[in-house]
Amino acid sequence: MKRLILAVAVLAAVAGRGSGQQIPTTADYLKGIKAVGREGQGNDVAASCWKGLVATGEAALLPTLEAFAGANPTAANWLRSAVDAITEGEEKAGKKLPTEALRTFLTTTTHDPAARRIAYEVLAKADPTAAEKIILSLRDDPSVELRRDAIAKAIATLKDGDKVPESLFTAARDKDQVEEIGKRLNKSEADITNHFGFIPKWHVVGPFDNTKGEGFAKAYPPEQGVDLKATYDGKGGAKVTWKAATAKAKDKEYALVDLNAELTKHKDAVAYGFAVIEVAKETPVELRAGSITSIKMFVNGKEVFDRDEYHHGMKMDQHVGKATLKTGKNELLVKICQNNMTEPWAQSWAFQFRVCDATGGAIPFKLLSPEAK
Amino acid sequence: MRKFLLLFLLTGTASAAEWSQFRGPGGACVSDEKNLPEKWSKTEGHRWKTDLPARGVSGPVVFGDKIYLTASSGVRDDRLHVLAFDLKTGKQLWHRQFAATGGTNCHPMTCMAAPTPVADETGVYALFATGDLAAFDANGTLRWYRSLVGDYPSITNQVGMASSPVLADGKLIVPMDNSGDSFIAALDPKTGTNVWKTPRFKESNWVTPVVRSPDGRTAEILFPGRDGLSAYDAATGKRLWNSKLVNGDIPTPTIREDIVYAPSGGVTTLKFEGGEPKKVWASAKMGSGMTSPLVYDGMVYAAKDGVMNTVDAKTGESLWSERFSKDKASASPIGADGKVYVFSNGGKTTVFKASREMEIVSENDLGEEILGTPAVAAGAIIIRTNKALYCVGAK
């Protein structure tokens, strides 16, 4: 209802039918765009607002970038394309873009990271020299795209024989850059595993039944609460118990828990992994996992992510759940399902799991013995 | 003329001068254009060439005086691009970008710019493998935008989606077969809101739906999937029938009059007699891999693993086979001007004479990856490589 009232008000303002034939402002346009909802709700109002915003030209550029704050991903894309249209229109009209304001926006790290990246790209076109000067200072930036470019630039500026600064390794987030810098610094596999914040040790249990993929939705006992001493009725009535498992690098992936090796190969099966970590303070985190089969993630008993898909590719960070860790101990539970495909390429049953911040940087945590829960 | 307009509204089939959707008019990959080029190279035979800002495996589409194209970029392939170019000069007219709101994992050969956009007199509708979907007018004004993964979060295909949207019965038809919320939907082209949304079998599929009008008054959407070929009423989304005679996977079927040439079990042809289709003939040797078989001038052409196989369109009788490349092909072969154009992944176009006797007219190498099906318009072939857009034709 609130959204409907807002939409009517904005539409009235945009159409000039409000009290006193008011002229809509940039703020009205932005409000109309940010009100878009699911399944195209508000698209008609947003379309009128987008036109008005773009017609406003340069004066709307910075407010549009600022409006990324608090915008949902759908609204953010309406705003992003408006920035493209505004800057394109100004360029075609031969007008100069507000480079100083863009520079200030870019260097204010409290602004939305995606909006700051767009500001950088607009600045780089309008004033490449200014953009190049700034980029080197952004290697620890909240925007992973800016950070990536800053690190790439820093590497490119190194002369032959120069030692790569350790700070570049610390700052790097993308796997290719971490590996490239790590190689030049002789980092070990363990260094890289720690850098990413992978959980290196787990307890695993299984198999439970997943015939017809029905185990994905079925909450087996570990989802009711983990008891490492418990014996469960597993698939086919077999008794299953928790056992320790160590994550290892395999097939160019870090910290992989190979369930085929840990639990022996099973088809139509469900397994769980369990770990306990301790953090010093309440921390918003991303739980990033890789698994070629269906997966669920739980933090302190609450499901934070699910994906029901089998054998369509394995990649680091392909699954991302969001949660807030509480001060002290936190329980991490991951559910990995296997189906009954018989093709040789459909036999993997494994997972990797890490805990990081929004940029992909490891957060400080202590891995506890799971009995410590 | 009225009959043509009605058919256009029902099936979304543009005039032969346009190449407005995946595989051109009616999704048949056939053009009525004449005097099309036979010889070109990386440096010669182009009307123009324009560098592209990013890679894509979608095809270019043409409507009026504009070419529309999608692309994707970034280390995570999460930057989505929609571009428009002037058909005459190749000049970039506008460029809009989005951030991917759906997952971007995919097979390394494909990317998030895999579905081919569809255009009409109002502009262009661009769908990405991330489920991001946008409509622009011809001047680049955003008419609407949807995040389908935002709307239906369990959508997932980590091989990378590639089915393209089509227009039918005044609606934008969006295919979304995947392992999560699997569906086909019709959207209001003016606002992007759902007109109907019909559930589909939960498994990934890369086929683009085709549209037929069984009676000249109503439109039916044929969409093969892992559970057979289904037909949907374009007005309501109701599934009219499902045939287990053929399945859908990657290639797209072709409709010619009352026959469906389905790329299933090689090529299987189905004839409409009353309600559900009946099998006419099948040829197991006509497998086409990533490409869709071409029905042109009384023959069927299937390009797989660098070899072109042909059969008679009426009987399925084998005619000729010829290797055209050491590379595989992903772009679908095109029939036009009495010739058949087939494009290897490595960038070579082999031009066959459309004939029951095998004859190679020419071989033309651009030396750049061609994965998206080119467009044919204005007496030229518009080829999208991983680096540039080429308008191949006489100046």
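**Figure 1. Arg288(A) and Glu286(A) meet in a salt bridge between their side chains, with 2.8 Å from N to O.** A salt bridge here is a side-chain nitrogen of Lys or Arg within 4 Å of a carboxyl oxygen of Asp or Glu. Both Arg288(A) and Glu286(A) are buried; buried means under 20% relative accessible area, exposed over 50%, and partly exposed in between, with a 1.4 Å probe and protein chains only. The model is predicted: local features need pLDDT of at least 70, side-chain atom pairs count only at pLDDT 80 or more, and totals for chains, interfaces and linings use all residues. Residues are numbered from 1 along each chain as its sequence is written, chains are lettered from A and ligands numbered from 1 in the order in which they are written, and side-chain values use heavy atoms, with hydrogens and water left out.

**Figure 2. A salt bridge joins Arg354(A) to Asp317(A), with the closest N and O atoms 2.8 Å apart.** The two residues lie 37 residues apart and link distant parts of the chain: Arg354(A) is in strand S13 (residues 350-356) of chain A, and Asp317(A) is in the loop between strand S10 (302-307) and strand S11 (319-325). Helices (H or I, at least four residues) and strands (E, at least two) are DSSP runs, numbered from the N terminus. Arg354(A) counts as buried because its relative accessibility is 0%. Asp317(A) has a positive phi of about 70°, although it is not a glycine.

**Figure 3. Glu166(A) and Lys187(A) form a salt bridge through their side chains, at 2.5 Å from N to O.** This pair also links distant parts of the chain, 21 residues apart, with Glu166(A) in helix H10 (residues 166-171) of chain A and Lys187(A) in the loop between helix H11 (175-184) and helix H12 (189-196). Glu166(A) has 39% relative accessibility and therefore counts as partly exposed. Lys187(A) also counts as partly exposed, because its value is 23%. Over all chains, the count comes to 42 salt bridges.

**Figure 4. The peptide bond from Gly206(A) to Pro207(A) is cis, with omega near 5°.** Pro207(A) is found in strand S1 (residues 201-209) of chain A. Most residues other than glycine have a negative phi, and most peptide bonds are trans.

**Figure 5. Asp297(B) has a positive phi of about 55° although it is not a glycine.** Asp297(B) sits in the loop between strand S23 (294-296) and strand S24 (299-304) of chain B. With 57% relative accessibility, Asp297(B) counts as exposed.

Figure 6. Along its principal axes, the C-alpha trace of chain A spans about 75 × 60 × 45 Å. Of the 373 residues in chain A, 51% are buried. Among contacts (heavy atoms within 4.5 Å) in chain A with a separation of 6 or more, 70% come from residues 24 or more positions apart.
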